[in-house]
Amino acid sequence: NMSLEQKVMADLKTAMLARDEKSLRSLRAIKAAIILAKTAEGAGGEIKEDEEIKVLQKLIKQRKDSLDIYRTQHRNDLAQKEEEEIFVIEKFLPKQISADELKSILQKIITDTGAHSPADMGKVMGIASKQLAGKADGKTISATVKELLAK
């Protein structure tokens, strides 16, 4: 099983040969973020798969935040760059689950934990974050949990 870093390096070679600027930009960003994570305190030069997922999600979140700003400012040229990078980075994440799948998984967690009010949000989120790591974005998970607990 190839590590994220190995996959990125392989794709970087391909992108260089193809002179694929969009991919190169995105892959270099992932590579830099992995190196940062590996050299972070306590990492000891190694990062596990769940850490890799967090690195990718953080990169995507940063780009989505920028994308919102650029769209508000009608800077379509810059917005497009962010979109291109999000597309490339997302390919390295586990397949994202649909809103319906997410709801049913969260509903099961709520039932299993006996959560029944918004006050139980933390309990549900703890389990949901572990179970859904990389398969759904944190904002979406918490919004769905809130909605389900408010019923």
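1. Which residues have the most contacts inside the largest nonpolar core? They are Leu4, Val8, Leu27, Ile30, Leu56 and Phe92, and this core has 23 residues. A nonpolar core is here a set of buried Ala, Val, Leu, Ile, Met, Phe, Trp, Tyr and Cys residues joined through side-chain atoms within 4.5 Å, and buried means under 20% relative accessible area, exposed over 50%, and partly exposed in between, with a 1.4 Å probe and protein chains only.

2. A word on how to read these values comes next. This is a predicted model, in which local features need pLDDT of at least 70 and side-chain atom pairs count only at pLDDT 80 or more, whereas totals for chains, interfaces and linings use all residues. Residues are numbered from 1 along each chain as its sequence is written, and side-chain values use heavy atoms, with hydrogens and water left out.

3. The elements that give two or more residues to the core of 23 residues are α1 (4-18), α2 (21-39), α3 (49-72) and α4 (76-90). Helices (H or I, at least four residues) and strands (E, at least two) are DSSP runs, numbered from the N terminus. A second, separate core has 16 residues, among them Ile97, Leu102, Leu106 and Val145.

4. Leu27 shows what one member of the largest core touches. Leaving aside neighbours within four places in sequence, Leu27 is in contact (heavy atoms within 4.5 Å) with Val8, Asp11, Leu12, Ala15, Val88 and Phe92.

5. Not counting residues up to four places away in sequence, Ser26 touches Glu84, Glu85, Val88 and Ile89.

6. Glu85, one of those partners of Ser26, lies in helix α4 and counts as buried because its relative accessibility is 10%. With residues up to four places away in sequence again set aside, Glu85 touches Arg25, Ser26 and Arg63.

7. Helix α3 has 24 residues and reaches 35 Å from its first C-alpha to its last, close to the 34 Å expected at 1.5 Å a residue; the expected span is 1.5 Å times one less than the number of residues. Its buried residues are Glu52, Ile53, Val55, Leu56, Leu59, Ile60, Arg63 and Leu67, and these pack against α1, α2 and α4. In general, an α-helix has 3.6 residues a turn, so residues three or four places apart point the same way.

8. Arg19, in the loop between α1 and α2, has a phi of about 50° and is exposed, because its relative accessible area is 72%. His74 lies in the loop between α3 and α4, has a phi near 55°, and is exposed, with a relative accessible area of 66%.

9. Gly114 is found in the loop between α5 (99-113) and α6 (121-131), and counts as partly exposed at 39% relative accessibility. Gly114 and Val124 are 10 residues apart in sequence and 9.3 Å apart in space, C-alpha to C-alpha.
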